[in-house]
Amino acid sequence: MAFGIPTPGKIIAVHLNYPSRAAQRGRTPAQPSYFLKPASSLAPTGGTLERPAGTELLAFEGEIAIVIGDPARRVSPAEGWQHVASVTAADDFGIYDLRAADKGSNVRSKGGDGFTPIGPVAIPVAGIGEGDWRVRTWVNGQLVQEDTSDTLLFSFGRLVADLSQLMTLETGDVILTGTPAGSSVVLPGDVVEVEVDAPGAPGAPSTGRLVTTITQGDVEFGDFGTSPATDDRQRVEAWGNDEALAVAVAAGRASAPASAPAPSAAPSAEPGFTLTDELRESFGRVAVATLSAALRRRGYHDIFIEGVSSNHPGDRMIGLAKTLRFIPFRPDLFASHGGGFNAQKLAFDTVQPGEVLVVEARGERGTGTVGDVLALRAQVRGAAGIVTDGSVRDFDAVAGFEIPVFSQGAHPSVLGRRHVPWQIDVTIACGGAAVQPGDVIVGDGDGVIVIPPQLAQEVLDEALEHEQRDAFVAEQVAAGASVDGLFPMNAEWLARYRAAKEA
């Protein structure tokens, strides 16, 4: 028995069924295709799962599992849903290192003991439509997959009908209905959670979270069968795409492809440069206008992020840049990169304390690039601020948060209208300024400026000196002095300033 249903005679899994996953794979099937998983692969309450010794690419796939009620034989797609008794969560684990072993049958790559966690609760489908379900997956607490059954290429009823043309689907049989984009590799120590719910149904029923903790196996494969093996193509497909693999390599979670040098997320801050608390405090005493002048004297003229202003008058923002790039909307690219745990969500979910999220939106004001949930996520993670040369959705709600947000204003539209979230941690152009991860970002009422980290200390020193001079000038003007010869200071006033400074 598995969480109140009989142990299934058959576990049937669908290869591709979500448009987001099909786009990621670069192929959209005209008809569904399937493979079988043994009942011995079930893990009804999750628990632990070993990554076999000698393997590298153990991947999760959060899925909606449908459980057959009344037996189905030669039913129509319209009748298929009537033969489903319940819905639950499943995780279709697989080892990409063994994909070549069985010519597509997945017997060994997906049939291992415990490779099909399922549960923990089965939800009766009475009164709930086949398009009303949602699946979400978290890895180490971060949401990495989210999609709904109303987007499927092949509906639940169609799957039941198709399979029933040749075999009787018996009570308790389970169909794993496919995984959305976001499936990736997990390592020993990682915790994977899958939940299926029907948020629009009465009571918003949920399976609860199916939790699996990955451990490392220590029993090596024998020489009497196919040994685990991988290549660059398998690494890319297992991690999701080239960009996801690059991020994993940069984070030390994956091996670099053998055919190319190790990719890095992006150039980082100047080696040895740290934005210390003392530097932050000092930058906080210097106006953006003063810093801009110091940079211009060094030949840096296009370091101002044009057209943005803060949602809080009087805000100051200092931090190191974390970058996010949007590209213009295109339906196929949005299908492959817009859903699930996309680059936008990844950026906001991985920003570090003291960093400023800088978003390249190409100056496009016709849609939102950040809303209340993501802005709140950045605040909770300790981000120093957000800058976008686009617009902000949920503007009033975001303005109610403490985090400084610099933007071109408000717009109610959602992401898919003008943008595709594309990359994080790369060099971008924001408001006409080139921004690299690790650049120093400073914002105030005059706007936002970008300072290369190798210039940060000398620009700051000059700006602090300039601020002291300006304070001296203001003090003299307030006392009645004429600006003639004082602003800028001639030799006489400069001598007075230096004497006052040394006093």
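This is a predicted model: local features need pLDDT of at least 70, side-chain atom pairs count only at pLDDT 80 or more; totals for chains, interfaces and linings use all residues.
Residues are numbered from 1 along each chain as its sequence is written, and side-chain values use heavy atoms, with hydrogens and water left out.

Strand β4 and strand β14 (residues 210-216) run parallel and are joined by five bridges; two strands are said to pair if DSSP finds at least two bridges between them. The strands and helices I name are DSSP runs, numbered from the N terminus, with helices being H or I of at least four residues and strands being E of at least two. In general, strands of a sheet pair through backbone hydrogen bonds, either parallel or antiparallel.

Where do β4 and β14 belong in the open sheet? The sheet has five strands in the order β4-β14-β13-β10-β11, with mixed pairing. Its edge strands, each pairing on one side only, are β4 (47-51) and β11 (142-148).

Now to the salt bridges, where a side-chain nitrogen of Lys or Arg is within 4 Å of a carboxyl oxygen of Asp or Glu; by this rule the count comes to 26. One of them joins Arg-134 and Glu-146, whose closest N and O atoms are 3.8 Å apart. Because Arg-134 lies in strand β10 (residues 134-139) and Glu-146 in strand β11, this pair ties together parts that are 12 residues apart in sequence. Arg-134 counts as buried at 18% relative accessibility, whereas Glu-146, at 26%, is partly exposed; buried means under 20% relative accessible area, exposed means over 50%, and partly exposed is in between, with a 1.4 Å probe and protein chains only. Both residues belong to a network of salt bridges that links Arg-134, Arg-136, Glu-146, Glu-193, Glu-195, Asp-197, Arg-209 and Lys-345.

Another salt bridge is formed by Arg-235 and Glu-56, with the closest N and O atoms 2.9 Å apart. Arg-235 lies in helix α4 (residues 232-239) and Glu-56 in the loop between β4 and β5 (58-59), so this pair ties together parts that are 179 residues apart in sequence. Arg-235 counts as buried, since its relative accessibility is 12%.

A further salt bridge joins Lys-322 to Asp-425, with 3.0 Å between the closest N and O atoms. It links distant parts of the chain, 103 residues apart, with Lys-322 in strand β17 (residues 317-328) and Asp-425 in the loop between β23 (419-424) and β24 (428-430). Are these two residues, Lys-322 and Asp-425, buried or exposed? Both are buried.

Let me turn to strand β27 (residues 447-451), which is mostly covered, as five of its five residues are buried. Strand β26 (residues 440-444) runs antiparallel to β27 and is joined to it by five bridges, and these two strands form a hairpin with two residues between them. In this pairing, Val-440 stands opposite Ile-451 in β27. Strand β15 (residues 304-305) also pairs with β27 in the antiparallel sense, over two bridges, and here Phe-304 stands opposite Ile-449.

I will finish with two loop residues. Asn-17, in the loop between β1 (11-14) and α1 (19-25), counts as buried at 1% relative accessibility. Phe-487, in the loop between α12 (456-478) and α13 (491-502), counts as exposed at 56% relative accessibility.
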